[in-house]
Amino acid sequence: MQEQMGVDEPDSGVLLDHMVLPTGSTVARCALMQPRVEAEIAFRLGCDLTGENVGFEEARAAVKEVFLALEVIDTRFTGWRLTIADSIADNASCARVVTGPMVPFSADMDLAAEQLVVNVDGIAVATGEGRAVLGHPLHALAWLAGRLHRCGDRLRAGQLVLAGAVHASLPLDSRSTVRAQSPRLPPVELHLR
């Protein structure tokens, strides 16, 4: 996504309760402007995570559950031409998040090698591995903890954290079904109407 958007650093936004939907949910196209979708590996934290230099193992230890998510991104900026500052001001372009079933996270899960496949209306249109996110999805979690710490905040137990897209975002058309799956995590699906 950094390559697609022409930025050289990660960004983050916040997930509000109304934005988070369970797998199988339907999202109304008329409620969106320029929707796109990204498949991601996501986490639910089991304990708080804070500190300026959170390490990989510390991030790993904070995760209670892992799951696939489909993030519906949207923006007010014409043609998706935006800077990193624009993206941050636009809440990282996050409109909705559809969450798959959560499974307990174990240290033997190789999330860097987890291969996600995205299907739109039954046709495979994108693939990506967990390592596409800063080398490992847990690096994104550690990065976010450090960023929040520098702003006087922290990640809290129970919060959901999306690690980031493993492929370039895909345009969403009306009346389509998007499904992401991987070998070790249950699939997630959304319907756009």
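Is Phe-56 buried, partly exposed or exposed? Select Phe-56 to begin: with a relative accessibility of 24%, this residue counts as partly exposed, because buried would require under 20% and exposed over 50%. Keep in mind throughout that you are looking at a predicted model.

**Stop 1: Phe-56 and its contacts**

With Phe-56 still selected, show the secondary structure: Phe-56 lies in helix α2, which covers residues 56-62. Now bring up its contacts beyond four places in sequence, and you will find His-136, Leu-138 and His-139. For a distance check, pick the C-alpha atoms of Phe-56 and Pro-137: 81 residues separate the two in sequence, and 9.9 Å in space.

**Stop 2: His-136**

Move on to His-136, one of the residues that Phe-56 touches. His-136 sits in the loop that links β8 (123-129) to α4 (137-150). Its relative accessible area is 9%, so His-136 is buried. Display the side chain and follow it to the backbone nitrogen of Leu-138, which it reaches at 3.0 Å. Leaving out residues up to four places away in sequence, the contacts of His-136 are Phe-56, Leu-111, Ala-112, Gly-130 and Arg-131.

**Stop 3: the sheet**

Next, color β7 (residues 115-120) and β8. The two run antiparallel and are joined by six bridges. They form a hairpin with two residues between them, and Asp-121 in the turn has a positive phi of about 50°. To follow the pairing residue by residue, click Leu-116, whose bridge partner in β8 is Gly-128, and then Val-117, whose partner in that strand is Thr-127.

Keep Val-117 selected and look toward β11 (residues 176-181). Here the bridge partner of Val-117 is Gln-181. Four bridges pair β7 with β11, again in the antiparallel sense.

**Stop 4**

In soluble globular proteins, nonpolar side chains tend to be buried together. The largest nonpolar core here has 44 residues, and the members touching the most others are Phe-43, Leu-49, Val-66, Leu-70, Leu-141, Leu-155 and Leu-190. Helix α4 supplies the largest share of this core, six residues.

Zoom in on Leu-155. Setting aside neighbours within four places in sequence, Leu-155 is in contact with Leu-45, Asp-48, Leu-49, Leu-141, Leu-144, Ala-145, Leu-148 and Val-161. Then select Met-19, Phe-67, Cys-94 and Leu-162: these belong to a second, separate core of seven residues.

**Stop 5: Ser-169**

Which side chain makes a polar contact with that of Ser-169? Select Ser-169 and Arg-36 together, and you will see their side chains joined by a polar contact of 2.7 Å. Ser-169 is in the loop between β9 (160-165) and β10 (170-171). Its relative accessibility is 4%, so Ser-169 counts as buried.

Definitions and conventions:
Residues numbered from 1 in each chain as written. Predicted model: local features only at pLDDT ≥ 70, side-chain atom pairs only at ≥ 80, totals over all residues. Heavy atoms only, no water. Buried < 20%, exposed > 50% of the residue type's maximum accessible area, 1.4 Å probe, protein only. Polar contact = N/O pair within 3.5 Å; in protein donor to acceptor, adjacent residues only side chain to side chain. Contact = heavy atoms within 4.5 Å. Pairing = 2+ DSSP bridges. Core = buried A, V, L, I, M, F, W, Y, C linked by side-chain atoms within 4.5 Å.
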